[in-house]
Amino acid sequence: MAGSTATYAQDGGFFSGFRSLFGKEKVEPVADAVSYKPTVNVPDAPRALRKAITAASKLQSMRKSPPSGAAGLLRRARADVDEITAALYSNGYYAGTIRITIAGRDLDAPDILQAIEAARPAGPVPVQVDVTPGPLFHFGEIKLVDTRNRPLPMAPTLRQLGIEPGADAKSSVILDAEGRISDFYRDEGHAFAKVVDKDVVADHASNLVNVTYMVDPGPAVAFGQVSVSGMEGVKPSFVAERVRIIPGEMFSPKRLADTRKSLLRYEIFSGVRIREGDKLDADGRLPIDVEVTERKPRYIGFGAKYSSTDGSSINAFWGHRNLFGGAETLRLDGQVSWFGQSSEAVPDSNPLGYRFAATFGKPGVLTPIDDLVAQAAVLREVTDAYVREAVTVTAGVRRNYSDQFSVQVGLDFEQAHVQDATGSRDDLIIGVPIEVAYDTTDNALDPSKGIRASGTFEPFAYLGQASAGPMMFKGSLSSYKALDEEKRYILAGRVSAGTIFGADLLDVPPQRRFYVGGGGSLRGYDYQSASPRNAQGDIIGGLSFLTASAEARIKVTDTIGLVPFFDLGAASEDSVPDFGDLKYAAGLGLRYYTGIGPVRLDVAVPLNPEPDDKGYGIYISLGQAF
């Protein structure tokens, strides 16, 4: 079993979240509460429509929060008429009828309040909601005209707007198209474009909805002066250098979005607000103000992990988000671990491990898109394959070509003393890693669309006993696809592989060989267990590896989800993966969705285990498996 938690003691966020997860808010009792029992009846309607109407009914969704007095119940019922009407329109039904009765009386009955009071002693007051949807309407004629009712010289196509004759006449489509009209003209430089009015006519004789949009595109304008504001500890020049809005250039919403993204990737900023001027300046250009909101610069946190196979650990950290006024970051980490069992390769070793690290980042070290990232660590690591005591230093410059794509070139240094099945060894490692990352996903902890791709190529000047010449490559590709608009059904997949060539297996330091097994690579198998072994059965690692995972992420409710998954993988002795070594596992996961990301519980079983493999693995963490 494996589990981990990590918390940030800042802004009170964790502790308030903890109370919301495990505590109960005090609920004040409602005076003269009227208990009632609603029944929503939508006969002969499609399932999706019945579900939408039931969801729209406040009588249904708030049934466990009774209103105050008979008048309160009556107000709630009358409000339901508007809510359900909106749900009907949203699904393309414009001729529906709604009848709501309370204690057998219509809402307009003169004695409705007396009837409610008379029904209360017998138990929950019966409330009946009967909805007859009527026919489904479709779109008829769709027109875009200017404020003088003339055709527009430049206009988006109906396909671009997502509204076409013959399609279901959902009111949500009408509203969405209105937003797309404004977006179309703003993308063409018309910053003040807007839909002045719209005429929506439902023809009950033909069951068609005709829509006319009256549009004022406004003039095409250029960007004017850009001002920055909201800085507290960050230098104004830092923000100004990262603004991607160029005065004199044609207005572009993409430039605004790019500016917001470019600033939000720095830890110090919690928000970016971009205000467009409400009128043009003296030069006929549009002024822009970029306002940032800063987080508290300092933070602390702690975490813990337990695993019956990988060991246990506790860690604490302190960080600063704006060390010198240029969004420089510094984080100090301290971790103590306990392997929990004897290392298979070094059975007489002390199971105590530790890691103390300092990580520093400086944005704009060469140009505004170049960031320096560096880390130094002192550590002792205990695994079944080896025990390592080392000093490591990594440093590199990352160029962010866009919000999705970056390239990093750096230096990798390690001086280590390692014990493994072959004895003790001292290894010097010096490499030049080149890393490429591409990410189009929509969420770091719970993506629903896009891909993540990363690759590292590292030639070595020294690689332990292999000396100069070896090269390492590893890469990973993940893809995510939501099958519905509500993102309740998501398919996710990942493939990872790596190889070291130009060196013999035992000349490569044990900590730089490839291992597979455990929650990060192959669930259901012990840590490192799906890796090559020597004649005595000790894990020695390999020169290549291949892993793959597939998941179906299914939300059962807004907060609970199920995830069936399948993993495969293995490490191989040679530089080319041996597909005959592959291990397979399957399992089922449970997700609890919170405001900061899903809490993950996975249970996996090996499908082709070796005699010494355990029968299952349990994994707990924050965020999806990948």
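Which residues have the most contacts inside the largest nonpolar core? They are L59, L73, I102, I116 and V125, in a core of 27 residues. A nonpolar core is a set of buried Ala, Val, Leu, Ile, Met, Phe, Trp, Tyr and Cys residues joined through side-chain atoms within 4.5 Å. Buried means under 20% relative accessible area (1.4 Å probe, protein chains only). The model is predicted, with local features needing pLDDT of at least 70 and side-chain atom pairs pLDDT 80 or more, while totals for chains, interfaces and linings use all residues. Residues are numbered from 1 along each chain as its sequence is written, and side-chain values use heavy atoms, without hydrogens and water.

Helix 2 (47-56), helix 4, strand 3 (97-102), helix 5 and strand 5 (125-132) each give two or more residues to this core. Helices (H or I, at least four residues) and strands (E, at least two) are DSSP runs, numbered from the N terminus. Helix 4 gives the most, with 6 residues. Leaving aside neighbours within four places in sequence, I102 is in contact (heavy atoms within 4.5 Å) with residues including L73, L74, I116 and V125. A second, separate core has 22 residues, among them V234, V290, V292 and A327.

The axes of helix 4 (residues 69-90) and helix 5 (residues 112-119) come within 9 Å and cross at roughly 115°. Axes are lines fitted to C-alpha atoms, for helices over the stretch in contact, and angles run from 0 to 180 degrees between N-to-C directions. The two helices are therefore roughly perpendicular (65 to 115 degrees). Helix 4 contributes A70, A71, L73 and L74 to the contact, and helix 5 contributes I112, L113, I116 and E117.

Definitions and conventions. Parallel < 35°, antiparallel > 145°, perpendicular 65-115°, else oblique. Buried < 20%, exposed > 50% of the residue type's maximum accessible area, 1.4 Å probe, protein only.
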